[in-house]
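Please read it with the structure open beside you.

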Amino acid sequence: IEGEENNTANESSDEEEEDEAVAEELPDSENDHDNSDEPVEGEKNNNASESGDEAVVEELLPDSENDYENSDEPIEGEENNNASESGDEEEEDEAVVEELLPDSENDYENSDKPIEEEDEPEEVQVKAIVNVFTILDQVGHDETSFTQGLSYSNDGKVIFETTGLYRQSKVRRINSDTFDVELSVDTEDAYFGEGSTYYVDANDNERLIQITWREQTGFIYDANTLEMLEEFRYTTTPGPRGNQGWGMTYDASKQEFIVSDGSKYLYFWDRDTLTEKRKVAVSRFDGSEQDQLNELEFMDGLVCCNIWHRDDIICVDPATGKSVREYDMSMLWPANQRGNGENVLNGIALGRDHVLLTGKRWDRMYKVVFPDWTTLF
C-alpha cells in the first residue's frame, strides 16, 4: 500500500475521526444495544481516549436498578472503575438494602425470611371441683337398704336397686312415681350383693345384671319378674384383695358393661360374652390416681363414680380414664347427720330430667341437676 510513510503523521487525526464515527454507531438506547449483535469498536484505543470512554460508560449504564438486573451486557470502562470503586459500592449496597428491607410488618410476614419470635408461655387452665347443684326433690328411701347398685329402666317408670351385707342383700323394683318397693327378692346368704345395672339384651329382652363382693359370681335377672336366669363367673384384678366386684353400669351405645372393683381401674365387658375388652386407670384433675371407685352410672358419654368414704362424684372419659367433671356433694346431706360412718353417699341413677342420688342406709333420695352440665338431658 502506497503512502505508508505518511500514515504516522495522520494516525492521531484518523483515530479521532474513527472514535467519533464509532460513537455515532453506538445504540441510541439500552434496548437498541441489547438487541444489537454488533461488538463495540475502539476498545484497543481505550487508553488514549479516556473522555470518550466515560461517555460510553454513561450510555451503557442502566437507568435504574431493575434495568441493571435485567441487562445481560457487561459494562465497559472497567479499567477506570478502580478510582470510583469505593463510592459506587457504597451507593449500590445502600440501594440493595433499601430494596430488600420490607416496607411494613405485613411485608415481613409475607417474606420467606424466618421470623424469630419468643415463645410465650401457655396458660394452663386448672379445673376445679364444683360444689354447685340444685335439689329438685327429696323422696323417701328404705333406711335398712345398704345401697350398692341403682339404675332406671329405659322408660323411667322403674328404679332397680341392689343392696349389700351378708344375709341382708336384696334385689328390688321401685315405683319411680311413688318410690314404693314393688318387688323385692332376697339374695342367697352366701353372697354379699354389690353393683347392678338395667339393660336390654341382644334379643330385646329387659334384663338386670348384678355382681357380688368377693365371690366372683354374678347373676342375670328378668327385669320384670326378678327371676334369676343365669349365673356367671368373672375376674377383675387379682391380688390380696383383688377379684372383687363393687360398681356396675351400662353403655348402650357400645353394648358393654363398665365395672369397678375398688381399685383404680374401670373394666369394660362385652354385653353378650361378659369377657373383658379393656380396662383404664382413673385419674383426677391434678393427675393423681383415684381408687376406691364404687357405684357407677354412665351419663352423657362419661362414667360417673362414687368414691367410697368420700362425698365426691367424678365423671371420667371412658377412653382415657381422666376425670372430666368433679362434684363435691358434701352439702347434699352432711355426713354429721347420717349417723354411722359407713352410711356413705353411694347410688347414682340417670332419670329423664334429673339425677337420682342416695346412700347406704339413707332414709332419703334426692333428685338433683347440675347447672354447669347443660348437655345432660
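The points below go from the chain as a whole to its cysteines.

1. This is a predicted model, in which local features need pLDDT of at least 70 and side-chain atom pairs count only at pLDDT 80 or more, while totals for chains, interfaces and linings use all residues. Residues are numbered from 1 along each chain as its sequence is written, and side-chain values use heavy atoms, with hydrogens and water left out.

2. The chain has 6 helices and 20 strands, these being DSSP runs numbered from the N terminus (helices H or I, at least four residues; strands E, at least two). Of its 377 residues, 42% are buried, where buried means under 20% relative accessible area with a 1.4 Å probe, protein chains only.

3. Of the contacts (heavy atoms within 4.5 Å) between residues at least 6 apart in sequence, 49% join residues at least 24 apart.

4. The structure holds 1 disulfide, a term that here means a pair of cysteine sulfur atoms within 2.5 Å. The bond joins cysteine 304 to cysteine 315, with an S to S distance of 2.2 Å. Cysteine 304 lies in strand β15 (residues 302-307) and cysteine 315 in strand β16 (residues 312-316), 11 residues apart. The link is right-handed, with 105° about the S-S bond.

5. Cysteine 304 counts as buried because its relative accessibility is 0%, and cysteine 315 counts as buried at 1%.

Definitions and conventions: Buried < 20%, exposed > 50% of the residue type's maximum accessible area, 1.4 Å probe, protein only.
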